[in-house]
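This report looks at how two parts of one protein chain meet. Keep the sequence and the model in view while reading.

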Amino acid sequence: MTTNPRYEILFEPVQIGPVTAPNRFYQVPHCTGMGVQRPHFQAAMRGVKAEGGWGVVCTEYCSIHETSDDVPFPFASLWDESDVRALHKMSSAVHEHGALAGVELWHGGSLISNNQSRKPTFGSESRPHFFDPVQSRKMDAQDIRDFRRWHREAALRAKKAEFDIVYVYLNHNYLMWEFMDPALNHREDEYGGSLDNRLRLARELIEDTKEAVGDSCAVAVRYSLTGNLENGQLVRDDYCEMLERIADLPDLWDITIHDYPTEMGSSRFVKEAAQEQVVSFVKSVSSKPVVGVGRFTSPDTMVRQIKKGILDFVGAARPSIADPFIPTKIREDRLEDIRECIGCNICYAHNSRGAAIRCTQNPTMGEEWRSGWHPEKVPPRHADETVLIVGGGPAGLEAARTLGQRGYTVTLAEAGTELGGRVTRECKLPGLAEWARVRDWRLEQLNKLANVALYLDSDLGANDVLDFEADHVLVATGAKWRADGVGFNRLSPISLADGIRAYTPDDIMAGDLPDGPVILFDDDSYYMSACSALVLRRAGRAVSIISTHSVIGPWTQHTEELSFTNAQLMTEGVALHHNEVVQAFDGNEVISHCLFTGEEKRRPATGLVTVTARQPRDRLFFELADHIEAQGSGPSITRIGDCNAPGIIAHAVYAGHAAARAIGQETQVKKREVSCLHQD
Ligand code: ADP
Ligand code: SF4
């Protein structure tokens, strides 16, 4: 029973073929960087989602056979018995909390390169890989028969691993999509040409899977629609037609849209429930339950999706990562406790880096097994001790919240007149408004903790800190952007004429803008150059970026923001110059040189902004360390977040959380994982 009847509909059980989900909260398949390499990570993390109330919890993409190997990206697999044992850990962890476990069977087709297995890839046609110098072979009749057999065998292994829902995965440009997409399928056999022919393999795969495991497992289909809208209505096309022809064949539809950067849209460019008009089509043609995503964090939006007949299940990847306990919090009517996803895509980014998942909002994500962290529970304080935290940015706020939850007497002193540090500044940049949730959720939680005192306007020096006589001091004083252009590509300062200054992102965020035309020197890889340039542009300045990179924000390829970022700059009239390093500025002209040829370039400008590196604000920490060493006694001191090592906000939150857990605890041995652990 839910405390608030308004949300009762979200807790109704829903039948999916032969199985019944206990409620409408559905964690759709999502990457974790865990896959087959980290089965214990996987089991513990998915188990926490089930514990938090998600009625269905799925794996990430799960390869059916060694001809589908996505190395270096971590993926799950069901190739053999050891994989069955590994994934059984996950299904058991999910079942322990009464949820259903789903597995997304996958074959990558021409979109992968089989770096590990060295098998040739195959697809509907012979196509080059988008990056690696390999090309797939066109599947012949025997390949198609083999593929169907491998898929069937993997489905049987999924059943053996006790999954309740087995996916047939038809989208995201992988193998099955190649057959369905008329642009990718020019075959002349019974699998190419007409719409029915292009749909044939998908239909066969669903039928094969139902025949193999459908007696006890639900068969779900993950499918995408183009998402082309006209006057708010979905334009009917081949993909609608194909879905209609097999509308009632699967037990469940899991719907996405073609355009992955939009489907996986960051909040910078895509807002909540962006797929509504597309997904609503499915229920108009199928009697089967439908799940769809939309970065849903508001229970009212969730209820509306169900009541309007758009969805049967509230699908989530990111919201379930940011807060695995959303369902429990809604059931208990603790809506203010929901830790809302900010749409930064840091979770996804680390999958493409081969590392286990992490989350800006939820520092315990990915640490459930490795560090034994739980998103809702922390160990109680070890003693009646006091902690002083200096700095109220994301690191300081998360440390204060966690220490407060543990029961320590905590004081947080912030030099400025507002809390939030860089989050408060950065959330005013174009597109980053939702990032304020990092601060706001923590302030909401801190308000409930009588043992935590927050002081603004308190710029502490070393003597102030020592006079406070806390048992422990956490220095979370952040970092500031450098104004001399030193960074990765420049090891010495830019030559500036006398009386001429360069501006930094800190100046831009404080509203201190140079007159134009402005040149922004970009040696950063993430969002700050693009966002700063947009602020200047929208304030009417002519803006050019001289970048050391060949695209602006190359790291945003990991957050699916790269094309949006560059398109937005071009559309808004920011001129882009690539592969150059700025050398000098005299107030009238910027001199740079090409990184490849060394050729000198001169461009007129009256303002220069540098976005290159940050300087940790660590003086207080070193002064304290010196005092304590000289006196031979004093509080324990730890520097955390950007004043320790400038990084992304997720790292500052994580550092605050880790430091708060570490007080009074034995140093934890962090566990590693390799796939040989499949054997146990
Ligand atoms: P992080 O990302 O590591 O949390 P931020 O830069 O976001 O770092 O936040 C650091 C905060 O510390 C800022 O709000 C800043 O005003 C504050 N701060 C810096 N030095 C002091 C100090 N000596 N006393 C109190 N607060 C400080
Ligand atoms: Fe949301 Fe960012 Fe966490 Fe991903 S990392 S779940 S996008 S807050």
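## Buried area

Between them, domain 2 and domain 3 bury about 960 Å², with 69% of it on carbon and sulfur atoms. Buried area is the accessible area (1.4 Å probe) that two parts lose on being put together, summed over both. Arg425, Leu429 and Pro430 supply 50% of the area that domain 2 buries against domain 3, more than any other three residues.

The model is predicted: local features need pLDDT of at least 70, side-chain atom pairs count only at pLDDT 80 or more, and totals for chains, interfaces and linings use all residues. Residues are numbered from 1 along each chain as its sequence is written, and side-chain values use heavy atoms, leaving out hydrogens and water.

## The domains

An assignment, automatic or from a database, gives domain 1 (5-351), domain 2 (386-478 + 617-662) and domain 3 (484-614). Twelve residues from domain 2 and ten residues from domain 3 take part in the contact between these two, where contact means heavy atoms within 4.5 Å. The C-alpha centres of domain 2 and domain 3 are 31 Å apart.

## Charged pair and residue classes

One salt bridge is counted between domain 2 and domain 3; the term means a side-chain nitrogen of Lys or Arg within 4 Å of a carboxyl oxygen of Asp or Glu. Arg614 forms a salt bridge with Asp642, and their closest N and O atoms are 3.6 Å apart.

The side of domain 2 that touches domain 3 has seven nonpolar residues (Ala, Val, Leu, Ile, Met, Phe, Trp, Tyr, Cys and Pro count as such), four charged (Asp, Glu, Lys and Arg) and one polar (the others, Gly among them).

Note on methods. Chains are lettered from A and ligands numbered from 1 in the order in which they are written.
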